[in-house]
Every structure is written in C-alpha cells, then in structure tokens.
Amino acid sequence: MKLRVLGYALLVTLFGMLDYSYVSGSQLWERKVKEDRKIQEVIQSKHKEQESLRERLKVAGLKEEDVKPFFEAIQKAVEQSDAVALSKIVKYPITLKTPKGQSIKVPDSKEFVANYPRFITPNWRKAVLEQKYKELFANWQGVMIGRGEIWFSSICMSEPCSKYELKITGINPWFAD
C-alpha cells in the first residue's frame, strides 16, 4: 500500500513539474495536439516571413541569393569599422549628410574613406548592426537597413539590365540620432 501511494505521489510530482494537474489520457492527448499546433504555427509563420521577404525583394527587382551576402558584407564592414570595404560597395557619386546636417558630396571611394569618421555615429552603427535580415524593408527604390540608415539597390551593368550589381545608394546617419 505504501509503495502504491509513493508511486502515485511520484506521478503527481512529475505531472506537476510538467505543469499538468491530474488529467485523463484524452486530456493529455488534447494538450499534446495543442502543443503540436503551436509548433506548426511557429514554423508556418517563419515560412511566411521568408516568403514575405522574397516577395518584398521581388518588388525591388532583387533576388534573395544576391541580397543576403551583400547585406552581410555591409554589416561586417560596419562591425569592423572598415571604411575601405564599405567604400567599395557604394555607388558614386553619393551625397552624405553629417549628423549636424551638413551635406558632403563624395565623388569616389578615396573621399568616402577620408570622410567616414565625419558621418558615422555610434547610433548609426548600432542601427545597422541590429538589423535582422528577415526584417529588411524593400520597395521599388531598393532595400532599407534600419530606418533608412542605409539604402541599397541594383545598378544595371548592361542594357536591358540583364546583369546588375548591388550598391549602397544612400547613407543617412542622422536617422539614428
């Protein structure tokens, strides 16, 4: 008798640890089915996010296999404060604004590197580095990182644009401050 009571106490304790009170087998089955449905919903929502990103990139005329490595290259360059690497993927000429609102017309990568410290702020860096790939915004103008801290788009390399390169087309440091 003591063994049976001890076994029952053990079962109640185990079910209590699993946040189950005494329930019948069919109730356990229903809970398992509900948990499985929740897992399925999470998986489906992740799939929808992925499809949604593909659709957004399609509007911008871009392919995910091109955008993801480009986005990662931007983040890597910003993370390492590598002005040279970032300068190589900018479309020139580009007009940048300092956090104080001054416009700087940058004609080439040499000028970009020289002016990098003037327009890159800690908040701008943070916004770029915290951007999640799956949450990128895209429209017909291109792809936006953060709230507009960086914009990039395709630049046609041939007519009728059968080949293109991705380039940064806008850098806006004042958005982050």
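This is a predicted model: local features need pLDDT of at least 70, side-chain atom pairs count only at pLDDT 80 or more; totals for chains, interfaces and linings use all residues.
T121 belongs to the loop between α5 (109-119) and α6, while W124 is part of α6 itself, which covers residues 122-130.

Is T121 buried or exposed? Its relative accessible area comes out at 9%, and the cut-off for buried is under 20%, so T121 counts as buried.

## The buried side of α6

W124 turns up again when we look at burial along the helix: W124, A127 and V128 are the buried residues mentioned for α6. They share one side of the helix because they take up an arc of only 95° around its axis.

And what do the buried residues of α6 pack against? Two of the partners are helices, α3 (64-79) and α4 (83-87). Strands join in as well, namely β4 (142-145), β5 (150-156) and β6 (164-171).

## A60, in another loop

Over to A60, which lies in the loop between α2 (25-59) and α3. Like T121, it is a loop residue that ends up buried: the relative accessibility of A60 is 9%.

Which residues does A60 touch, once neighbours within four places in sequence are set aside? The contacts are A138, N139, W140 and G142.

Definitions and conventions:
Residues are numbered from 1 along each chain as its sequence is written. Side-chain values use heavy atoms; hydrogens and water are left out. Buried means under 20% relative accessible area, exposed over 50%, partly exposed in between (1.4 Å probe, protein chains only). Helices (H or I, at least four residues) and strands (E, at least two) are DSSP runs, numbered from the N terminus. The arc is that of the directions from the helix axis to the C-beta atoms. Contact means heavy atoms within 4.5 Å.
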